[in-house]
Amino acid sequence: MHHVAIMEDSYQHTKYHKQTKNQWARDDPAFIVILILFLVFATSAYCAAFGESAPHAALTIISVVFVHFLFAGLVLATLCWFLTNSYLREEPNSHVVEQRVEWLYAFDVHCNSFFPAFVILYVLQYFLSPLLIAHGFLPALLSNLLFMVAISYYHYLNFLGYDVLPFLDRTTFFLYPIGLVIILSPLMILIGFNPTRYFLSLYFR
């Protein structure tokens with residue numbers, strides 16, 4: 001909840017940023033660089049723990065940074081940017097300057113939303129992995145709960161990022177994926193699907 005309060009304060013600050021610099025997006029790429037460094041360190045820890053060779057570790061790090069974070073971020077930010085500008089903007093009256101969501105702001109929102117998911121699915125999962133990769137109902141239950149919280153947290157912060165923009169309407173649309181996750185998670189638990197085992201098996205033998 002503390003992180004949510006920080007994000008709410010951060011998004012409220014974007015209004016001041018708009019007034020002073022006439023853009024919603026931050027103009028400092030430092031946070032993105034920090035996130036990439038965190039991903040490199042975390043992925044390196046996984047590679048060391050699972051005894052991967054240096055070439056395989058390098059490929060894994062590149063995949064995580066460029067696919068999990070940057071490529072997925074580009075796709076999600078572009079999708080949200082398109083949806084907000086095409087369907088969620090309020091009809092401007094003739095006396096108000098038309099405003100649009102900047103693509104860079106959409107990517108900022110993704111980065112802010114990604115950070116708690118990173119903490120849960122890269123850091124916390126790392127320390128819990130001896131338990132989570134085991135066979136059985138309990139590891140599958142805990143793994144699904146971990147992913148459910150991380151994905152829901154991501155979409156809630158994504159919602160906050162767009163809800164703060166005064167020219168957008170019906171931003172609760174961005175909360176809908178949380179409902180889908182809550183519905184699917186019990187089904188995944190019932191069939192014994194363990195997302196931790198599945199995703200780690202994609203990278204580590």
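Predicted model: local features only at pLDDT ≥ 70, side-chain atom pairs only at ≥ 80, totals over all residues.
Q: What percentage of the residues in the protein chain is buried?
A: Buried here means under 20% relative accessible area. The protein chain has 205 residues, and the buried share of them is 40%.

Q: Among contacts between residues at least 6 apart in sequence, what percentage joins residues at least 24 apart?
A: Contact means heavy atoms within 4.5 Å. Take the contacts in the protein chain between residues at least 6 apart in sequence. Those that join residues at least 24 apart make up 78%.

Q: Where does UniProt place the feature "transmembrane region"?
A: The record is an unreviewed entry. In the model, residues 30–50 are 95% helix and 0% strand, with end C-alpha atoms 30 Å apart. Residues 57–84 are 100% helix and 0% strand, and their end C-alpha atoms lie 38 Å apart. UniProt places the feature at residues 30–50, 57–84, 104–124, 131–154 and 174–193.

Q: How does the reach of helix α2 stand against the span expected at 1.5 Å a residue?
A: Helix α2 covers residues 30–49, which is 20 residues. The expected span is 28 Å. From first C-alpha to last, α2 reaches a close value, 29 Å.

Q: Why do the buried residues of α2 line one face of the helix?
A: The buried residues of α2 are Leu35, Leu39, Ala42, Thr43, Tyr46 and Cys47. Seen down the axis of α2, they line one face because they fall within an arc of 140 degrees.

Q: Which exposed residues does the face of α2 turned away from its buried side carry?
A: The buried side has cover that includes α3 (54–88), α4 (103–132) and α7 (195–203). The face turned away from that side carries two exposed residues, Phe41 and Ala48.

Q: Which residues does Tyr162 touch, not counting residues up to four places away in sequence?
A: Tyr162 is one of the residues with the most contacts inside the largest nonpolar core. Leaving out residues up to four places away in sequence, Tyr162 touches Cys80, Thr84, Val101, Ala106, Val109, Leu168, Thr171 and Phe174.

Q: Is Thr171 buried or exposed?
A: Thr171 sits in the loop between α5 and α6. Beyond its neighbours within four places in sequence, Thr171 is in contact with Phe159, Tyr162 and Asp163. Its C-alpha is 7.0 Å from that of Leu88, 83 residues apart in sequence. The relative accessible area of Thr171 is 6%, so this residue is buried.

Q: What is the phi of Arg170?
A: Arg170 is in the loop between α5 and α6. It is partly exposed, with a relative accessible area of 46%. Most residues other than glycine have a negative phi. Arg170 is a residue other than glycine, yet its phi is positive, near 60 degrees.

Q: Which helix do the buried residues of α6 pack against?
A: Helix α6 spans residues 176–190 and reaches 23 Å, close to the 21 Å expected. Its buried residues are Ile178, Val181, Ser185 and Ile189. They pack against α5.

Q: What is the relative accessible area of Ile182?
A: Ile182 is in helix α6. Its C-alpha is separated by 9.3 Å from that of Val149, 33 residues apart along the chain. Ile182 is partly exposed, with a relative accessible area of 47%.

Q: Which residue takes a positive phi just after α6?
A: Helix α2 is followed by Gly51, whose phi is positive, near 65 degrees. Just after α6, a positive phi of about 80 degrees belongs to Gly192.

Methods: Residues numbered from 1 in each chain as written. Heavy atoms only, no water. Helix = DSSP H or I, 4+ residues; strand = E, 2+ residues; numbered from the N terminus. Expected span 1.5 Å × (residues − 1). Buried < 20%, exposed > 50% of the residue type's maximum accessible area, 1.4 Å probe, protein only. Arc of directions from axis to C-beta. UniProt positions renumbered as here; feature names shortened; annotations may be inferred. Core = buried A, V, L, I, M, F, W, Y, C linked by side-chain atoms within 4.5 Å.
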